[in-house]
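Q: Could you take me through this one, starting with the contacts?

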Amino acid sequence: MVRDEARKYSFQLRIPEPVKVTTLAPTGSIAKLPGTTEGGHPIMYGYYIRRIRSSTIDPDRRAQVEGYREQGYNILPDPQAANTVVVEIPSKESVVERVEEVGRPADLVESADELTLEQLLAFQEMLQTEYADNAVSFTASIDPAKYTPQDVAETILQFAGKLKGTTIFPEQGYELAPYERISEQDYQDWIFITGLSNVEGGIDEDCANGSCPIR
């Protein structure tokens, strides 16, 4: 259908028909509106702690942080930055929530940590082969404890010539990282203790380098 529309539009404009018409672009914050990932990749975690950094100098930000504190959220000083605090928000991935809302089990949703690097890149290859004749935005998130640089290099070579490009993101752990995986039980315990819940989608592109900006 996309190809047909491109052909019709080109004919109306009396211009050459475009060679490439389908792509999966990195959507960034736009993906937050429908609660999807920012590209073709799966969700990173089903349940996680979302950490937001906020300045203690700006009065508006201080008031916002105090609002979080009054609700019962954990507030910690940022060990990497002066005049900054970190708000911890245990969260449930919105894709998991929607699946449960239609009566299906949550484990129907596979997150990146449940898939091998080869499986992730094979899925990108499928998107590249069957749909996109242009680039595919795709981030393969992996646990660096499970892969050596040689493992990653060998896996990439398997897909040489099949992918236009990909991003491999190692979950490099450091103190108070923007996202931290937790179990479903951890999340349920949080709800039981505080009465609070949070459902959100995907990973911010702003945090893709492992450090969310200070708001």
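A: Among the contacts in the protein with a separation of 6 or more, 74% are between residues 24 or more positions apart, a contact being heavy atoms within 4.5 Å. This is a predicted model, in which local features need pLDDT of at least 70 and side-chain atom pairs count only at pLDDT 80 or more, while totals for chains, interfaces and linings use all residues. Residues are numbered from 1 along each chain as its sequence is written, and side-chain values use heavy atoms, with hydrogens and water left out.

Q: OK, and how many helices and strands does the protein have?

A: The protein has 6 helices and 7 strands, taken as DSSP runs numbered from the N terminus (helices H or I, at least four residues; strands E, at least two). From the N terminus on, their order is α-β-α-β-β-α-α-β-α-β-β-α-β.

Q: Switching to Ser137, where does it lie?

A: Ser137 sits in the loop that links helix H4 (117-130) to strand E4 (139-142).

Q: Buried or exposed there?

A: Ser137 is buried, because its relative accessible area is 15%, and buried means under 20% (1.4 Å probe, protein chains only).

Q: Which residues does Ser137 touch?

A: Leaving aside residues up to four places away in sequence, Ser137 touches Leu24, Ala25, Pro26, Glu38, Gly39, Gly40 and His41.

Q: And what share of the whole protein counts as buried?

A: Of its 215 residues, 36% count as buried.

Methods. Buried means under 20% relative accessible area, exposed over 50%, partly exposed in between (1.4 Å probe, protein chains only).
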